[in-house]
Amino acid sequence: MYDILKNTHSGWRYVVFILLIIAVVKALIGWMGNKTYTEGDKKLNLLTFVSAHIQLLMGLALYFLGNWYKVDSSNAIGRYWKMEHISMMIIAIILITVGNAKSKKAVDGVAKHRTIALFFGIALIIIIVAILLMTKSIPGTTFFGMS
Ligand code: HEM
């Protein structure tokens, strides 16, 4: 059960990644090029938000099923899963949530694109750093691989 969830969570990272990258690139193009904010942009950003929240739910289930909150954090592996992964990923997901909400309130298209580019862009960087940290702290893990 735990392993199925872990593999799904591991694979789902690509869904989050791909959607985030497309959303950030489109938002940057929209922001820099003074483009209108279309219904398609809104749907893409909502889908990105939903994919991140699905990842959050799977992550929370793994965290508590795997008793990661109880592990000894004096070594790199324990520290990474108990504190670093969860905190960095939750910050990234909060940024996606706030960015999506703020983009709805922004008055013009360029402001909406700018909000998405900044909030989703920083979230993407945090997620990449968290996965890079995983490859450093957890032996046998690679950026694109599953353990
Ligand atoms: C966008 C957000 C996230 C991404 C991209 C992500 C990515 C990953 C990756 C790549 C793994 C490694 C799986 C493997 O070893 O094959 C993993 C494992 C894990 N993640 Fe996340 N994660 C995210 C959010 C979260 C959150 C928010 C939590 C906790 C609330 C969490 C908890 C865990 C746990 C407990 C494991 C399993 C550790 C193990 O059994 O080895 N993740 N995650």
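Modeller: In what follows, a helix is a DSSP run of H or I that is at least four residues long, a strand is a run of E with at least two, and both are numbered from the N terminus. The model is predicted. The chain contains four helices and zero strands, and from the N terminus its elements follow the order α-α-α-α. Its C-alpha trace spans about 50 × 25 × 25 Å along the principal axes.

The UniProt record, an unreviewed entry, places the feature "transmembrane region" at residues 12–32, 44–65, 85–103 and 115–134. Two of these stretches concern us here. Residues 44–65 are 100% helix and 0% strand, with end C-alpha atoms 32 Å apart. Residues 85–103 are likewise 100% helix and 0% strand, and their end C-alpha atoms are 27 Å apart.

How do the two helices meet? The axes of α2 and α3 are 10 Å apart, and the helices pack at an angle of about 155°. Angles over 145 degrees count as roughly antiparallel, and α2 and α3 are therefore roughly antiparallel to each other. Their crossing is left-handed. On the side of α2, the residues making the contact include Asn-45, Thr-48, Phe-49, His-53, Gly-59 and Tyr-63; on the side of α3, Ile-86, Met-89, Ile-96, Asn-100 and Ser-103 are among them.

Between α2 and α3 lies a loop that contains Asp-72. Is this residue buried or exposed? Asp-72 counts as exposed, because it has 9 C-beta neighbours inside 10 Å. Its C-alpha atom is separated by 8.2 Å from that of Lys-82, which is 10 residues away along the chain.

The pair can now be set in its wider surroundings. The largest nonpolar core has 21 residues, of which Leu-20, Ile-96, Phe-120 and Ala-123 touch the most other members. The helices α1 (2–32), α2 (39–65), α3 (76–105) and α4 (109–137) each give two or more residues to this core.

Finally, buried residues make up 25% of the 147 residues in the chain. Among contacts with a separation of 6 or more, 69% join residues 24 or more positions apart.

Terms used. Residues are numbered from 1 along each chain as its sequence is written. This is a predicted model: local features need pLDDT of at least 70, side-chain atom pairs count only at pLDDT 80 or more; totals for chains, interfaces and linings use all residues. A nonpolar core is a set of buried Ala, Val, Leu, Ile, Met, Phe, Trp, Tyr and Cys residues joined through C-beta atoms within 7 Å. A residue is buried if 20 or more other C-beta atoms lie within 10 Å of its own, exposed if 12 or fewer, and partly exposed in between; C-beta atoms are placed from the backbone. UniProt positions are given in the numbering used here, feature names are shortened, and annotations may be inferred rather than shown by experiment. Axes are lines fitted to C-alpha atoms, for helices over the stretch in contact, and angles run from 0 to 180 degrees between N-to-C directions. Angles under 35 degrees count as roughly parallel, over 145 as roughly antiparallel, 65 to 115 as roughly perpendicular and the rest as oblique. A crossing is left-handed if the near helix is turned anticlockwise from the far one by less than a right angle, and right-handed if clockwise. Two residues are in contact if their C-beta atoms, placed from the backbone, lie within 7 Å.
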